[in-house]
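Have the structure open as you read.

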Amino acid sequence: MNVLDKLKAIKLHKEHFTDTSEFLIDGFLAKRMITYLWADGGNGKSFLAQAVANHLHSTRQVKHTIYIDLDNPLNALNDRKLDELLIDKFEALDYIHRSKLDMTGLELLELLSEGATAGAYADWLIVYDSLRDIVDVNNDLRTMRAFELMKNIREAGATQLVLGHANKDGKNYQGSNNIRNSVDCMFRHRKVKETATSLEFALSAQKERAGVRDCAWHVDTTDFTLTPMEYR
């Protein structure tokens, strides 16, 4: 087979254009896309991501979740009663923690990419908490490699939520330009209110490929219930 024949064998045809933009959470989490959420530390990104996982499983919008937590210490997860409220609650949710991991974060990402055959991750949610614990976000080549792997996983059907940090002045995300260039959707996350039993967040859209928009969320920290609010 010559080069032209090989190209014809793999080119797109009209019947391949069947996918349309869909949301798991309207205006916020686009299905089968890579969404990046960034903020200063202490703004509750993990609480929101955990509430998202709880919401999507409670409403049966995903078949399986892999939550990769390489950031939060076990005692913090214990304080949040994460075993009771999330891990033991959903059999189809695998919570991967640094304390039990026998490989690097990037090696874990490579393992997921190896399994990214057509449709293998359909209706799956994968959360990365956080990106800087998976790859050196200031290294352009390594960051590009990490997102190439995520794109493979995306094309196998997964919806991916990536948590990131702000830079030193808090005005932008931390790390390589390849982050913004590689993700499908990006939000700046900020905590607007905190009580003993709840958190409220405002998310400003900074990049979109699916019609995401500014949005706001209330999280009940006693049960991880996620409720939309008016953005302010």
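## Aromatic rings

Phe-28, Phe-187 and Trp-217 make up one aromatic cluster. This is a predicted model, in which local features need pLDDT of at least 70 and side-chain atom pairs count only at pLDDT 80 or more, while totals for chains, interfaces and linings use all residues. Residues are numbered from 1 along each chain as its sequence is written, and side-chain values use heavy atoms, with hydrogens and water left out.

There are six aromatic pairs in the structure. Rings of Phe, Tyr and Trp (its six-membered ring) pair if their centres lie within 6.5 Å; planes under 30 degrees apart count as stacked, over 60 as edge-to-face, and the rest as tilted. Phe-28 and Phe-187 are edge-to-face, because their ring centres are 5.4 Å apart and their planes sit at 75°. Phe-28 is in the loop between strand 1 (23-25) and strand 2 (29-30), and Phe-187 is in strand 8 (residues 185-194), so this pair ties together parts 159 residues apart in sequence. (Helices, H or I with at least four residues, and strands, E with at least two, are DSSP runs numbered from the N terminus.) Phe-28 is buried at a relative accessible area of 0%, and Phe-187 counts as buried with 0% relative accessibility. Here buried means under 20% relative accessible area, exposed over 50%, and partly exposed in between (1.4 Å probe, protein chains only).

Tyr-121 and Trp-124 give a tilted pair, 4.9 Å centre to centre with 55° between the planes. Tyr-121 counts as buried, at 7% relative accessibility.

Strand 10 (residues 215-220) and strand 11 (residues 225-229) run antiparallel, joined by five bridges; two strands pair if DSSP finds at least two bridges between them. Trp-217 stands opposite Pro-228 in strand 11. Four residues lie between the strands of this hairpin, where Phe-224 takes a positive phi near 65°.

## The second largest pocket

The second largest pocket holds about 280 Å³ of space. On a 1 Å grid over the protein atoms alone, a pocket is an open set of points where a 1.4 Å probe fits, with protein on both sides within 12 Å along at least five of seven lines; lining residues have an atom within 4 Å of a point. Grid points are joined across faces, edges and corners, and the volume is the space filled by probe spheres set on the points.

Of its 22 lining residues, Gly-42, Gly-44, Lys-45, Phe-47 and Arg-80 lie nearest the centre of this pocket. Helix 2 (45-58), strand 7 (159-165), strand 8 and strand 9 (198-207) each give two or more residues to the lining, and helix 2 has the largest share, three residues. Arg-80 lies over the face of Phe-47, 4.0 Å from the ring centre (a charge sits over a ring if NZ of Lys or CZ of Arg is within 6 Å of the ring centre and within 35 degrees of the ring normal).

Most residues other than glycine have a negative phi, and most peptide bonds are trans. The bond from Asp-129 to Ser-130 is cis, with omega near 5°, and Ser-130 is in the loop between strand 6 (124-129) and helix 6 (140-155).

Arg-60 has a positive phi of about 55° and lies in the loop between helix 2 and strand 4 (64-69). Arg-60 counts as exposed, at 77% relative accessibility. Lys-81 has a positive phi near 55° in the loop between helix 3 (74-79) and helix 4 (82-87), and counts as partly exposed at 48% relative accessibility.
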